[in-house]
Amino acid sequence: MSPEPRPGRRVAVTSPRTAAARRPRYPATREIDEQTRLGEVYMHSLLRTQFRLALFVCTVLACVIGGLPLLFLLIPELREMHLLGVPLPWAVLAGLIYPAFVIGAWLYVRQAERNERHFAELVERR
C-alpha cells in the first residue's frame, strides 16, 4: 500500500518539459529595418517630434526677426539711438541677429539629439 499524503504537506508537481516554446520576440530595430507597419509608426513618431521642434525654433526666430522692424516702428526713439556711432537698428541687424541664429541652432541641435536619445531608449525598451 502506498502512503497517503498528509493534509498539511505540499507536493510539488513538475513537468519534464521545463522550457516552453515561446513566441519569438523581434527587437524594434528589426521592425524599423524591415519597414514593417510598427517600424513605420516608430519612425513617424520620431519625424513628427523632430518636425515640431524645427517648426518651433523657426517660429521663434521669425518672430524675433520680424518683431524688430515692428519694435523700431512703434518706438521711434530707438531708431534715433546710436551704438558706437552706428544707428541702433543697423547694429542690431548686423551684430545681434547672428548670435541669435547661432544660439537657436545650438538649442535645436541639443534638443534634436535629446529626442533621438529618447527614441533610442524607447526602441531598446521594447
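This is a predicted model: local features need pLDDT of at least 70, side-chain atom pairs count only at pLDDT 80 or more; totals for chains, interfaces and linings use all residues.
Start with the annotated stretches. The UniProt record, an unreviewed entry, carries the annotation "transmembrane region" for residues 53-75 and 87-109. Residues 87-109 are 96% helix and 4% strand, with 33 Å between their end C-alpha atoms.

Next comes the core. Six residues make up the largest nonpolar core: Leu68, Phe72, Leu78, Leu88, Val92 and Ile97. Two elements, helix 2 (37-74) and helix 4, each supply two or more of these residues. What does leucine 68 touch, once its neighbours within four places in sequence are set aside? Leucine 68 is in contact with Val92, Leu93 and Ile97, and two of these partners, Val92 and Ile97, are also listed in the core.

Now for the asparagine. Asparagine 115 belongs to helix 4, which runs over residues 88-125. Is asparagine 115 buried or exposed? Its relative accessible area is 13%, so asparagine 115 counts as buried, the cut-off being under 20%. Again skipping neighbours within four places in sequence, the residues in contact with asparagine 115 are Leu46, Thr49, Gln50 and Leu53.

Definitions and conventions
Residues are numbered from 1 along each chain as its sequence is written. Side-chain values use heavy atoms; hydrogens and water are left out. Buried means under 20% relative accessible area, exposed over 50%, partly exposed in between (1.4 Å probe, protein chains only). Contact means heavy atoms within 4.5 Å. A nonpolar core is a set of buried Ala, Val, Leu, Ile, Met, Phe, Trp, Tyr and Cys residues joined through side-chain atoms within 4.5 Å. UniProt positions are given in the numbering used here, feature names are shortened, and annotations may be inferred rather than shown by experiment.
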